[in-house]
Amino acid sequence: MSLADLHGLPGLPPELTDDQTDAGVDLRVLDRLEFDLEDGRIVWTRVPSHGLPAQLDALRELMSERPVYEPALPSAIGRVREAMELVLETESDVDVDTFEEIILGLVERLEGFSVWTHGVFDGLGRSLIDLYDPPPETGAAPADIEMPVVPTPPPRIHPARQRPDAASVVRRARVLAAMARRGVLEAGGPTVAGAAEIDRLRAFVEAPEQAGALTVDEAGMMALNPGAWSQRTLVDATWLTESVAVFAWALRLEALPPDEEMVESEPLRALFAVGHPVTPDLRAVALRPAEHIDAERARQLSLHQRLLRTLADPSQSQRHAEAVHTRAGLAAERARALTWLCGG
């Protein structure tokens with residue numbers, strides 16, 4: 001199920017059309033649409049307006065008990081006016097990855113988000129609410145949670161997750177610091193020097209020494225030519241410096257920054273020798289005890305939830321809300337990095 005505001009949407013996204021489908025179909029006036037792909041059929045259905053509030057309330061309840069990685073999500077839910085369900089017919093031969101790609105593409109076009117049995121995601125496939133791990137208080141499995149979702153293909157089988165070793169954390173820190181640096185360069189606009197540095201960063205993250213440190217999506221973003229990043233992508237990339245700071249703390253290289261303080265990127269790039277071979281000092285690092293990392297993850301998640309509740313208070317001033325939003329973003333990014341350190 002994808003939730004989004006459909007007002008003003010001109011027509012069906014091109015990737016969801018074939019030769020027999022009018023690209024100018026107006027989704028604002030349709031309650032149902034069937035369209036055929038080469039390997040099967042997908043049915044689009046508008047959720048009745050009277051059923052939408054209950055679905056949104058269910059999402060809010062999930063946010064009260066699960067890690068929420070996007071500080072803007074609570075306010076985004078309040079702006080949802082339409083919901084749609086996409087169902088892949090059971091006799092279809094369309095594979096799971098293709099179906100997921102179609103939904104993510106549609107969600108990105110609608111600037112909405114999608115709800116699956118294993119999580120809530122934006123159009124780039126980034127997790128907004130973690131539904132994979134059992135909730136800390138009840139221990140219920142994801143299958144025990146009633147969610148406003150429609151039947152989807154069987155979820156992907158997740159490999160057994162384990163904590164990364166120190167060398168893996170160093171590689172991850174180096175490539176994320178490179179992505180964050182590219183975000184800064186992209187934000188500065190097109191320049192000859194900036195394009196040359198972006199080319200060097202691309203070569204750096206693609207080197208064998210960093211093999212496997214980026215996700216497939218991240219590698220695809222870094223492979224794009226200078227100037228090809230969207231505004232949202234470059235902003236998201238600059239936040240990655242907070243993850244790098246967490247990795248530096250986990251490796252005992254730096255103290256964890258204060259909760260309200262954004263870190264400086266340049267010292268961290270130097271610390272992790274971004275653009276250069278791994279230094280002997282980095283090869284010798286060791287991770288903090290697992291219980292220390294677990295405790296900090298729990299603290300950041302608790303802080304994030306508290307800040308989200310503060311943001312929901314309508315009595316606060318705009319200036320205060322902006323400061324709280326920044327702190328919530330810091331907590332979310334740091335919690336994401338700590339979750340990865342815990343094997344998530």
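# Reading the helices and cores of a predicted model

Mentor: The chain has 11 helices and seven strands, and the model we are reading is a predicted one.

Trainee: What share of the 344 residues of the chain counts as buried?

Mentor: Burial is judged from the relative accessible area of each residue, with the limit set at under 20%. In this chain of 344 residues, 45% count as buried.

Trainee: How many residues are in the largest nonpolar core, and which of them have the most contacts inside it?

Mentor: The largest nonpolar core has 42 residues, and Phe272 and Leu341 are those with the most contacts inside it. Two or more residues are given to this core by each of α4 (166-187), α5 (192-206), α7 (231-250) and α11 (318-341). Of these, α4 supplies the largest share, with 11 residues. A second, separate core has 16 residues, including Leu59, Ala83, Phe113 and Leu308.

Trainee: Which residues does Phe272 touch, if those up to four places away in sequence are not counted?

Mentor: Phe272 touches Val170, Ala173, Arg174, Val244, Phe247, Ala248, Leu251, Leu253 and Leu282.

Trainee: At what angle do α4 and α7 pack, and how far apart are their axes?

Mentor: For a pair of helices, one reads the angle and distance of the axes, then the handedness of the crossing, and then the residues that meet. The axes of α4 and α7 are 7 Å apart, and the two helices pack at an angle of about 145°, in a crossing that is left-handed. On the α4 side the contact is made by Val169, Arg172, Ala173, Leu176, Ala177, Met179, Ala180, Gly183, Val184, Glu186 and Ala187, and on the α7 side by Leu234, Ala237, Thr238, Leu240, Thr241, Ser243, Val244 and Phe247. Sorted by class, the contact of α4 with α7 has 13 nonpolar, four polar and two charged residues.

Trainee: How do the axes of α4 and α5 cross?

Mentor: The axes of α4 and α5 come within 10 Å and cross at roughly 160°. Because angles over 145 degrees count as roughly antiparallel, α4 is roughly antiparallel to α5. This crossing, too, is read for its hand, and α4 passes α5 in a left-handed way. The residues of α4 that meet α5 include Arg174, Val175, Ala178 and Arg181, and among their partners in α5 are Gly194, Glu197, Ile198 and Leu201. By class, the contact of α4 with α5 has seven nonpolar, one polar and six charged residues.

Trainee: Where do the axes of α4 and α6 stand in this reading, and at what angle do they cross?

Mentor: The axes of α4 and helix α6 (residues 216-223) come within 11 Å and cross at roughly 40°, which makes α4 oblique to α6. Here as well the crossing is left-handed. Arg172, Leu176, Ala178, Met179 and Arg182 of α4 make this contact with Glu218, Met221 and Met222 of α6, and its residues divide into five nonpolar, no polar and three charged.

Trainee: Is Trp249 buried or exposed?

Mentor: For a single residue, one looks at its place, its accessibility and its partners. Trp249 is found in helix α7, and it counts as buried because its relative accessibility is 10%. Leaving aside neighbours within four places in sequence, Trp249 is in contact with Glu254, Ala255, Leu256, Arg288, His292, Ile293, Glu296 and Leu338.

Trainee: Where is Gln300, and which residues are in contact with Gln300?

Mentor: Gln300 has its place in helix α10 (residues 290-311), where it is buried, with a relative accessible area of 1%. Beyond its neighbours within four places in sequence, Gln300 is in contact with Leu256, Asp259, Ala331, Arg334, Ala335 and Leu338.

Trainee: Which loop holds Ala273, and what is the phi of Ala273?

Mentor: Backbone angles can be read residue by residue, alongside position. Ala273 lies in the loop between α8 and α9 (280-283), and its phi is near 50°, a positive value in a residue other than glycine. Ala273 is also buried, with a relative accessible area of 8%. Arg252 lies in the loop between α7 and α8 (265-271), and the phi of Arg252 is near 65°, again a positive value in a residue other than glycine.

How values were computed:
Residues are numbered from 1 along each chain as its sequence is written. This is a predicted model: local features need pLDDT of at least 70, side-chain atom pairs count only at pLDDT 80 or more; totals for chains, interfaces and linings use all residues. Side-chain values use heavy atoms; hydrogens and water are left out. A nonpolar core is a set of buried Ala, Val, Leu, Ile, Met, Phe, Trp, Tyr and Cys residues joined through side-chain atoms within 4.5 Å. Buried means under 20% relative accessible area, exposed over 50%, partly exposed in between (1.4 Å probe, protein chains only). Helices (H or I, at least four residues) and strands (E, at least two) are DSSP runs, numbered from the N terminus. Contact means heavy atoms within 4.5 Å. Axes are lines fitted to C-alpha atoms, for helices over the stretch in contact, and angles run from 0 to 180 degrees between N-to-C directions. Angles under 35 degrees count as roughly parallel, over 145 as roughly antiparallel, 65 to 115 as roughly perpendicular and the rest as oblique. A crossing is left-handed if the near helix is turned anticlockwise from the far one by less than a right angle, and right-handed if clockwise. Ala, Val, Leu, Ile, Met, Phe, Trp, Tyr, Cys and Pro count as nonpolar, Asp, Glu, Lys and Arg as charged, and the others, Gly among them, as polar.
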